[in-house]
Amino acid sequence: MKKPLNQVILLAASSNFSRQNQPSQHHLIHRLRNCKDSTSATSLHSVAIKSASLQDTFTANHLINCYVRLQNIDSAAKVFDEMPQPNVVSFTSLISGYVSTARPDTALWLFGRMLDSLVLPNEFTFATVINACSTLADLETGRKIHALIEISGVQKNLVVCSSLVDMYGKCNDVCGARRVFDLMGDGNVVSWTSMIAAYAQNGGGEESLRLFREFTRGMLERPNHFMLASVVNACASLGRLVSGKVAHGAVIRRGHELNEVIASAIVDMYAKCGCVEYSDKVFRRIPNPSVIPYTSMIVAAAKYGLGKMSIQLFEEMIDRGIRPNDVTFVGVLHACSHSGLVDEGLQYYESMHENHGISPNAKHHTCIVDMLGRTGRLNEAYKLAKSIQAEPSQEALVWGTLLSASRLHGRVDIAVDASRRLIDSNQQVSGAYVTLSNAYALSGEWETAQVLRSEMKRTGVRKEPGCSWVEIKDSNYVFYAGDVSSCARQSEVITLLRELEGKMKQRGYVGGSTCLVFIDVEEEAKEEIVGLHSERLALGFALLSIPKGVTIRIMKNLRMCNDCHEAFKLISDIVGREFIVRDVNRFHHFKGGSCTCRDFW
């Protein structure tokens with residue numbers, strides 16, 4: 001049977017401790033506040049026991065806070081359990097300790113115990129347990145605690161409201177976050193940061209930037225580094241290079257450029273805006289980068305298909321004694337996959353657990369399935385996919401990747417199984433139908449492709465429309481596949497695209513030759529379909545609007561099709577300009593008739 005902590009501490013203490021050596025209670029509290037190591041904390045705990053100071057709740061709370069500050073949560077919990085009458089500070093301190101030591105579920109359990117007692121939570125208690133819900137992304141519990149906050153009358157407290165905004169944002173309930181934010185009045189830099197971050201984390205990049213501009217115009221406070229990091233992330237998600245450069249300038253003016261979190265965000269932002277060379281410059285200015293900026297740079301290089309660069313960065317990180325995490329390995333495996341470095345990728349995959357103690361998860365398995373599938377090793381990829389056990393959403397990543405690879409290599413048998421698994425699990429349904437239909441079409445099974453198309457119509461499944469956008473002078477111009485009516489400068493764009501089509505045909509280009517369509521259409525109709533893809537419309541507009549000598553950067557929400565890829569290569573040579581296209585998978589840098597992906601993507 002375990003002895004109470006008091007007895008353990010007493011046994012560890014010196015037996016000849018005399019009362020004249022005992023500090024006063026005031027002095028003991030002062031020493032607890034300034035305690036910096038566990039050994040000293042244990043000694044002070046012994047002093048408190050011998051002087052009977054722990055009978056005083058005020059002193060016991062300081063001891064709990066001391067242990068919490070030193071991350072010794074188990075000792076803090078034992079002190080708490082032996083308190084005769086813990087108060088709101090006792091509960092809140094220990095709850096905070098559980099949150100700070102990555103035990104949010106225990107924090108919520110203790111809060112439940114508090115509600116069963118006669119001790120009422122205060123605004124600090126509520127803010128802390130809401131943070132626990134944020135960590136767990138537990139929206140249901142968060143809403144229940146929000147209701148208690150309303151009943152308790154602390155719903156106007158800025159700290160509580162900021163925590164609520166953060167919680168709703170991290171639980172993907174942006175509307176809930178905005179409702180709380182709007183009821184706060186002016187708020188402060190923390191609440192504004194939470195709301196800006198909520199938008200940035202949930203695909204609301206435009207709203208995030210709009211709110212940031214509103215903050216800079218109307219608030220007297222300056223943005224902190226957390227807010228600037230969220231703004232940079234919003235620019236990255238949108239591919240807004242001009243706005244990203246403005247945010248980078250604000251970071252420099254505020255003196256935050258060496259902050260690792262912001263620097264990593266800037267590395268990611270420049271990469272996602274098609275400027276990987278800028279990413280590298282920012283990364284190289286970080287004095288002693290940790291795993292976070294290294295991982296950001298490895299992932300950035302991977303998105304460009306710079307597999308050798310990603311591997312060099314990884315090996316450099318290992319040589320410097322920096323331990324990789326699971327995200328680092330996702331970046332390295334992704335780089336190997338998109339660069340055809342299969343043997344190297346498999347070696348890193350095997351080394352994860354053997355050399356670094358990291359168990360591969362569904363994302364790592366997906367990279368390997370993708371790596372094998374791209375190089376035509378479909379049977380191995382299929383075998384691995386069938387062996388993976390994960391959550392439905394994670395399994396969908398694996399089967400979606402295998403489906404794309406099997407379509408690419410004409411393995412209709414594997415494509416059928418992969419698509420059915422996705423449809424039956426209600427994951428990636430529209431993508432599964434489209435890709436399987438394309439696989440049938442490529443193999444000449446037009447009737448089966450037509451049946452799938454009819455089934456999509458019957459069940460109301462719709463393919464996500466192709467959308468591309470280009471940024472010019474901090475304004476975004478959006479283009480949709482087949483939608484000429486909303487295209488800016490439409491007549492000029494169509495005229496230019498037709499002229500370029502003629503010049504490409506003179507060089508042997510056959511439009512629509514590899515286009516994936518649902519039905520067997522005439523060649524002329526195929527060319528028309530491909531010619532109206534969103535990235536072509538965006539390119540035509542950009543050629544008319546962006547001066548020569550300036551690289552054209554286009555963002556797309558779907559994978560770039562083979563025909564458009566071939567067209568962009570030819571057009572880059574015809575007009576003598578560089579294009580960078582970010583699609584859903586990676587970047588393509590077109591220059592002089594070729595692409596950096598080397599037609600491997």
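Student: Okay, and where does His 334 lie?
Tutor: His 334 lies in helix H20. Helices here are DSSP runs of H or I with at least four residues, strands are runs of E with at least two, and the numbering goes from the N terminus.

Student: What does His 334 touch?
Tutor: Leaving out residues up to four places away in sequence, His 334 touches Ala 302, Lys 303, Cys 367 and Asn 585. A contact means heavy atoms within 4.5 Å.

Student: Before we go on, what kind of model is this?
Tutor: It's a predicted model, where local features need pLDDT of at least 70 and side-chain atom pairs count only at pLDDT 80 or more, while totals for chains, interfaces and linings use all residues. Residues are numbered from 1 along each chain as its sequence is written, and side-chain values use heavy atoms, with hydrogens and water left out.

Student: And what's the mean pLDDT of the protein?
Tutor: pLDDT is the predictor's confidence in each residue, from 0 to 100. The mean for the protein is 85, and 90% of its residues reach 70 or more. It stays under 50 over residues 8-21, and also over residues 513-530.

Student: Back to the contacts. Cys 367 was on that list, so is Cys 367 buried or exposed?
Tutor: Cys 367 counts as buried, at 9% relative accessibility.

Student: What about Cys 275?
Tutor: The closest cysteine sulfur to that of Cys 275 is in Cys 273, and at 6.8 Å it's too far for a bond. Cys 275 is buried too, with a relative accessible area of 2%.

Student: Ala 302 was another contact of His 334. Which helix has it among its buried residues?
Tutor: H18, where the buried residues include Val 291, Tyr 294, Met 297 and Ala 302. Ten of the 13 residues in H18 are buried. Among what covers them are helix H16 (260-272), helix H17 (276-284), helix H19 (307-319) and helix H20 (326-339).

Student: And what comes just after H18?
Tutor: Gly 305, which takes a positive phi of about 75 degrees.

Student: New topic: which residues are buried in H13?
Tutor: Gly 205, Ser 208, Leu 209, Leu 211, Phe 212 and Phe 215. They cover an arc of only 160 degrees around the axis, so they sit on the same side of H13. That arc is taken from the directions from the helix axis to the C-beta atoms. On the other side of H13, Arg 217 and Gly 218 are exposed.

Student: Last one: how many helices and strands are in the protein?
Tutor: It has 31 helices and six strands. Buried residues make up 51% of the 601 residues, and the C-alpha atoms fill a box of roughly 100 × 55 × 50 Å along the principal axes.

Notes:
Buried < 20%, exposed > 50% of the residue type's maximum accessible area, 1.4 Å probe, protein only. Disulfide = S-S within 2.5 Å.
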